[in-house]
Amino acid sequence: MQSPRNSPNSKPANIRLSTGSAVQTDFKPSEAEILTAVGEWLLTALPAGFGVFQGQQNQFANPLTQFATMTIVARERKNTDSVFYVATERIIQKSVLLTIQIDVWGAGAGNAAERVETLWRSPSSCDFFREIRPECAPTHANDPHQQGFQTAEKQYEDHWIVDLKLNAITQLSSSQESALSAQVSLINADFPSKIIPPTKRKMK
């Protein structure tokens, strides 16, 4: 048989590679995107006059009227990661249960927190997220509870907390090399013109 490297018709394979985009440094949807969706829902669930803000912000002055804050306080994995490939990307997908703490402040905070807990469990909240953030779905909520609070003037103020549970399907993608095209060359091979059968052995 003629060696491929000595064959006059042999050519090296020509493969063109393509690299994908840079590695994503954050999960999609991001924390900001999730809190934006939750905040929009809270504005429909809270009584009129309540404002909604993201929690744990520096140099943030509390509003003079009733308001609520949102803070993601826990992330619980719900499945084993799944991996799939799209074009030049490798995508890792997982399901996570988020606990979002809602702090409600001001007069009527107790009733407002109970209203949030009740409406979060209703089918209407699932319909809301299906429209604006389909990878997220409300699951359940803990019972509201009061947290004592005193102002700088030593005055008591209503402060109630309710934890909302939200299931999110998150994705993290990274780039990888992939072959967009490949050119394969045929190699001629020389075979003997006569096939010699194996030597017959005499059976004793």
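## Packing of α1 and α2

In this predicted model, helix α1 (residues 31-45) packs against helix α2 (residues 109-120) at an angle of about 115°, and their axes are 10 Å apart. Axes are lines fitted to C-alpha atoms, for helices over the stretch in contact, and angles run from 0 to 180 degrees between N-to-C directions. The angle makes α1 roughly perpendicular to α2, a term that covers 65 to 115 degrees. The crossing of the two helices is right-handed, that is, the near helix is turned clockwise from the far one by less than a right angle.

Trp41, Leu42 and Ala45 of α1 meet Arg115, Val116, Leu119 and Trp120 of α2; contact means heavy atoms within 4.5 Å. By class, the residues of this contact are 6 nonpolar, no polar and 1 charged. Nonpolar takes in Ala, Val, Leu and Trp, among others, and Arg is one of the charged residues.

## Overall make-up

The protein has 3 helices and 9 strands, where helices are DSSP runs (H or I) of at least four residues and strands (E) of at least two. Their order from the N terminus is β-α-β-β-β-β-α-α-β-β-β-β.

Of contacts with a separation of 6 or more, 72% join residues 24 or more positions apart.

## Burial and surface

Among the 204 residues, 30% are buried (under 20% relative accessible area, 1.4 Å probe, protein chains only).

## Basis

Residues are numbered from 1 along each chain as its sequence is written, and side-chain values use heavy atoms, without hydrogens and water. Local features need pLDDT of at least 70 and side-chain atom pairs 80 or more, while totals for chains, interfaces and linings use all residues.

Note on methods. Buried < 20%, exposed > 50% of the residue type's maximum accessible area, 1.4 Å probe, protein only. Parallel < 35°, antiparallel > 145°, perpendicular 65-115°, else oblique.
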